[in-house]
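User: I would like to learn how to read helices and sheets from a model. Can we work through one together?

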Amino acid sequence: MAKSAPVKKAWRYLAWLLVVIVALVGLNALGVLRGEGSWTPKLALDLEGGTQIVLAPVLQDGEQVTSEQLAQAVSIIRQRVDASGVSESEITTQGNQNIVVSIPGTPDKATLQRIQASSQMQARPVLLASAAATAGTSATDASGNPISTETPAPGDSPDAPALSDTPTTAPTGPGDVAWITPALQDEFDKYTCSAGATGEPDPKKPLVVCDTSQTEKYILGPQEIAGSSITDAVAQQETTQTGATTGSWAVQITLDGEGTKKFTDLSKRLFGSQPPLNRFAFVLDGAVITAPSMNGLITDGRPSITGGFTQESAKALADQLKFGALPIGFEVQSNETVSATLGTSQLQSGLLAGLIGLILVVLYSLVQYRLLGLVTVASLVIAAIVTYLLITLMSWQQGYRLSLAGVAGLIVAIGITADSFIVYFERIRDELRDGRGIESAVQHGWKRALRTILASDGINFLAAAILFVLAVGNVRGFAFTLGLTTLVDVLVVVLFTHPILTLLASTKFYGEGHRFSGLDPRQLGAVYRGRAQFKAPAQDAKGKQAKSSREAARRQTIAERKAAAQAEAGNTADNVSAKSRKES
């Protein structure tokens with residue numbers, strides 16, 4: 001027998017679901033083989049423990065940190081942590097002075113550097129640059145360009161301005177080489193990058209410093225642009241004048257009004273100057289994170305940094321530039337490992353609560369829908385598999401960590417998913433009461449149920465998205481899992497639940513409405529036959545047919561009741577007219 005169109009479509013949907021599951025399993029397997037992922041999700045701070053870093057403000061004598069400065073610092077540090085891909089972290093204040101950063105698990109070196117890089121960003125002109133590596137080796141500068149490793153002798157460097165042994169005249173600006181005194185030159189010659197930074201640099205004085213890779217050292221003029229002038233920095237692909245991408249990556253910076261004005265003056269002075277006076281450096285936490293050269297006049301406050309970036313290095317630099325400007329400086333007061341605040345017992349309690357809820361949903365489905373409830377069980381199993389694979393995949397791809405709040409979101413999702421099945425099943429039953437056959441009822445019921453399911457899940461997802469955007473910490477974990485499982489619910493209902501019911505409707509057991517199938521028209525009171533026409537009960541043994549008629553009437557819509565009333569009134573009028581004619 002040839003398969004009907006709905007049955008063929010059902011098999012296609014099930015095939016697509018299989019493709020989705022296989023793809024998720026394959027991606028997780030790839031992560032495990034590479035050593036980057038695992039088959040279990042990473043746990044958050046409240047379930048696994050992690051690392052706690054206490055940051056203390058660096059203040060001058062007599063200064064006190066304000067609540068506004070502390071709140072801004074907490075916000076910036078939270079952005080730094082989130083940008084590094086770490087989820088479910090906690091950033092709080094301690095005693096209105098310190099900032100406590102708690103990160104789940106053991107953070108990598110790059111994440112710790114982002115948190116500990118708590119000094120203010122400074123943009124300074126480059127007055128002198130020299131390689132800091134051992135002669136004869138190969139290295140690159142802070143912007144990724146090749147540099148020579150041969151350290152020139154003082155005063156003989158082709159990149160260095162001519163100097164005398166006597167003090168120079170008063171500098172006329174941050175980029176004036178008059179800042180390089182003999183004493184500063186001597187400090188530069190003796191400076192080794194391994195010595196590291198010494199405290200917060202004074203923005204009004206020149207600075208001897210190395211880049212973060214310790215391959216180049218500089219004499220920098222005083223601060224010319226504050227890091228707080230950077231309003232945004234993003235990593236994006238380079239484009240040509242026609243808008244085509246080149247395949248290379250760049251960092252696009254956006255400055256505020258004051259920063260735009262200062263950068264305009266800076267670009268006019270640096271563009272066309274001899275190296276290294278055509279370069280400027282961004283200094284963060286006592287090190288140069290990048291020192292690009294000025295290749296044009298930039299007057300719109302949107303400079304772009306290029307230089308052999310990869311996507312990862314461009315994003316890292318963009319995050320440093322964007323989140324580097326703290327209102328005050330901080331130093332690491334302590335860095336220690338902390339234990340889980342809730343522990344395994346609380347996780348087990350949460351999972352037990354979820355299991356109890358799942359059992360209740362299964363029991364209700366079996367009692368209310370007979371063997372049709374097995375479709376609910378199978379759909380919940382498929383939803384659980386897809387959700388687990390997605391969470392595991394995002395654990396090693398995006399740094400997501402599952403917290404107890406996230407587990408609560410998964411438990412709530414059981415009710416949301418079960419609600420979709422109930423809506424669908426009841427729509428099918430309504431169609432059966434209207435006198436349709438099983439296969440026709442499944443298709444027409446699906447059309448009516450899908451609109452309701454999408455509207456309900458749309459509201460749930462919108463609420464989860466708003467909560468995720470506005471909330472912080474563990475509340476975002478709850479919102480994330482709630483939104484994720486809402487999307488999974490739509491996927492499972494479309495690609496599994498409806499196709500399975502379509503296939504079951506074509507079987508003899510369900511198609512003929514067996515009394516244990518949950519789709520028996522006789523048990524549903526299916527006495528309605530067409531518009532305003534009801535099938536008269538054939539018998540009234542023990543009141544079963546009367547009860548069935550009352551049940552059918554109770555489930556009618558308002559329009560159906562009005563139509564039935566009008567038909568009954570018409571029949572009554574016809575009977576009265578016939579009686580009058582007979583009497584006359």
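User: Which residue just after α6 takes a positive phi?

Analyst: This is a predicted model. The residue is G272, with a phi of about 90°.

User: Which residues of α6 are buried?

Analyst: The general idea is that an α-helix has 3.6 residues a turn, so residues three or four places apart point the same way. In α6 the buried residues, those under 20% relative accessible area, are G259, T260, F263, T264, L266, S267 and L270.

User: What covers the buried residues of α6?

Analyst: The cover includes β9 (225-226), β11 and β12 (280-284).

User: Strand β11 also belongs to a sheet. In what order do the strands of that sheet run?

Analyst: The order is β10-β11-β14, an open sheet with antiparallel pairing. Its edge strands, β10 (230-239) and β14 (304-309), each pair on one side only. From one strand to the next the twist averages 25°.

User: How many bridges join β11 and β14?

Analyst: Three bridges, in the antiparallel sense, with β11 covering residues 245-255. Opposite W249 stands F309 in β14.

User: Which helix packs on the sheet?

Analyst: Helix α7 (residues 311-322) does, touching β10, β11 and β14. The direction of α7 makes about 165° with that of β10.

Technical notes
Residues are numbered from 1 along each chain as its sequence is written. This is a predicted model: local features need pLDDT of at least 70, side-chain atom pairs count only at pLDDT 80 or more; totals for chains, interfaces and linings use all residues. Side-chain values use heavy atoms; hydrogens and water are left out. Two strands pair if DSSP finds at least two bridges between them. Helices (H or I, at least four residues) and strands (E, at least two) are DSSP runs, numbered from the N terminus. Axes are lines fitted to C-alpha atoms, for helices over the stretch in contact, and angles run from 0 to 180 degrees between N-to-C directions. Contact means heavy atoms within 4.5 Å. Buried means under 20% relative accessible area, exposed over 50%, partly exposed in between (1.4 Å probe, protein chains only).
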